[in-house]
Amino acid sequence: AGHRETMAGVSVTASEIEKAVEVLRAGGLVAIPTETVYGLAADAEDPQAVGRIFTTKGRPPSHPLIVHIGSAEQLDDWADDVPETARLLAERFWPGPLTLVLRRGRRVPLATTGGLETVAIRVPDHPVALELLTAFGGAVAAPSANRFGSVSPTTAEHVRLELGDDVDYVLDGGPCGVGVESTIVDVTGPAPTVLRPGGVTREDLEAALGRALAVPTTSTVRVPGQHPSHYAPRARVVLVAPEDLAAEAHRYADHKVGVLLPPALSGTAVDAHAVVQLPDSLPDYARGLFSYLRDLDHQGCDLILATLPDETGLGLAIANRLRRAAGPRD
Ligand code: TXA
Ligand code: MG
């Protein structure tokens, strides 16, 4: 005991967990590893601590946070009138990259839910996050540990580079295994609704529920520079058809172009400043996606050309994130 090995072989000591618990109890912010992305965690029951999440991220206080709990058994401590569908999904997918929107329980302050009478809850599938939640005893509210509008962090290093001293403590649990955020399902209405595609696939949800699910489409409006420009310089993302990729790269020759080269175009010569050859498997692609975008930024690219994967399996979440990266950011 005292050590937990993560997939990457990074271990966190018992004293690091203790320190993180102390910071949470004192109303501070702890960056925590989850299987999806790193979260910026605070005591979910402490409105002031939760307020610091919003100021640190530069996020409008009306944007609700996800409440992370240690096990499905605690669900009724944080949510009211939990429907059978929610229990079924929790049983099937927790711990895991699924967030359920439920009726807000009394313990969750409105500061955490952005003033809503519903609350988003999940049990993260990461040994370090689970150990922290067990030691802390409560729940932590945690959005992705990035500035508002930026790319989610999938390593502790990403968090340190982006948030620096604004976060009180960082737990390093190695690189995130899933790499895209959780799938959010609203179970407060007559039928479950997917609010955000993510680490649990639509196909797996439909199989568990025995019914088809509607999934929101993300608009593809390309409005460059609409995200706040006072953040770190970031490449503009432009979505192109695979057959146009080489020509588009050439057309933007006066830019420092970064390219996310899909497996189908493997080996194609592209005239660009930097090229990322994407992996064949969707889980590998999802795991690497945010790192690729950050890497291209760091290599000085001011424009990233990307194609959309087929929107099946994790391809749905990947395409959703690419569309958002290419449009106005949230
Ligand atoms: O994988 C994840 O979900 C990561 C890790 C850290 O757990 N967290 C994450 O949090 O992605 P964040 O804050 O970046 O995204 C939270 C999303 C927001 O889009 C928010 O609108 C939605 O969850 N959300 C939270 N509470 C909600 C509610 N009561 N009703 C509808 N949507 C809600
Ligand atoms: Mg986020």
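Q: What makes residues of helix H6 count as buried, and which are they?
A: A residue is called buried if 20 or more other C-beta atoms lie within 10 Å of its own, exposed if 12 or fewer, and partly exposed in between, with C-beta atoms placed from the backbone. In H6 (residues 127-136), Val128, Ala129, Glu131, Leu132 and Leu133 are buried. Just after H6, Gly137 has a positive phi of about 90°.

Q: How were residues and chains labelled, and what limits apply to the model?
A: Residues are numbered from 1 along each chain as its sequence is written, while chains are lettered from A and ligands numbered from 1 in the order in which they are written. The model is predicted, with local features needing pLDDT of at least 70 and side-chain atom pairs counting only at pLDDT 80 or more, whereas totals for chains, interfaces and linings use all residues.

Q: Why is Asp81 called exposed?
A: Asp81 has 10 other C-beta atoms within 10 Å, so it is exposed. Asp81 is placed in the loop between strand E6 (79-80) and H4. Its phi is positive, about 50°, although Asp81 is not a glycine. Most residues other than glycine have a negative phi, and most peptide bonds are trans.

Q: What kind of peptide bond joins Trp94 and Pro95?
A: The bond is cis, with omega about -5°. Pro95 is in the loop between helix H4 (84-93) and E7.

Q: Why is Gly288 called partly exposed?
A: Gly288 has 18 other C-beta atoms within 10 Å, so it is partly exposed. Gly288 belongs to helix H10 (residues 282-298). Leaving out residues up to four places away in sequence, Gly288 touches Gly179 and Pro279; contact requires C-beta atoms, placed from the backbone, within 7 Å.

Q: Which residues does Ala141 touch?
A: Not counting residues up to four places away in sequence, Ala141 touches Ala41, Ala42, Ala44, Val50, Ile53, Leu65, Val67 and Thr112.

Q: What makes a set of residues a nonpolar core, and why does the largest one lie between the domains?
A: A nonpolar core is a set of buried Ala, Val, Leu, Ile, Met, Phe, Trp, Tyr and Cys residues joined through C-beta atoms within 7 Å. The largest has 92 residues, and Ala141 and Ile304 are among those with the most contacts inside it. Helix H11 (residues 315-326) gives the most to this core, with seven residues. Domain 1 (4-209) and domain 2 (236-326) both give residues to the core, so it lies between them. Those bounds come from an automatic or database domain assignment.

Q: How many residues does each domain bring to the contact between domain 1 and domain 2?
A: The contact takes 14 residues from domain 1 and 15 residues from domain 2. The C-alpha centres of the two domains lie 28 Å apart.

Q: What makes a residue near ligand 1, and how many surround it?
A: A residue is near a molecule or strand if its C-beta atom, placed from the backbone, lies within 6 Å of it. Around ligand 1 there are 25 residues, the closest being Thr36, Gly39, Pro64, Ala120 and Pro143. Strand E8 gives the most to this shell, with three residues.

Methods:
Helix = DSSP H or I, 4+ residues; strand = E, 2+ residues; numbered from the N terminus. Contact = placed C-beta atoms within 7 Å.
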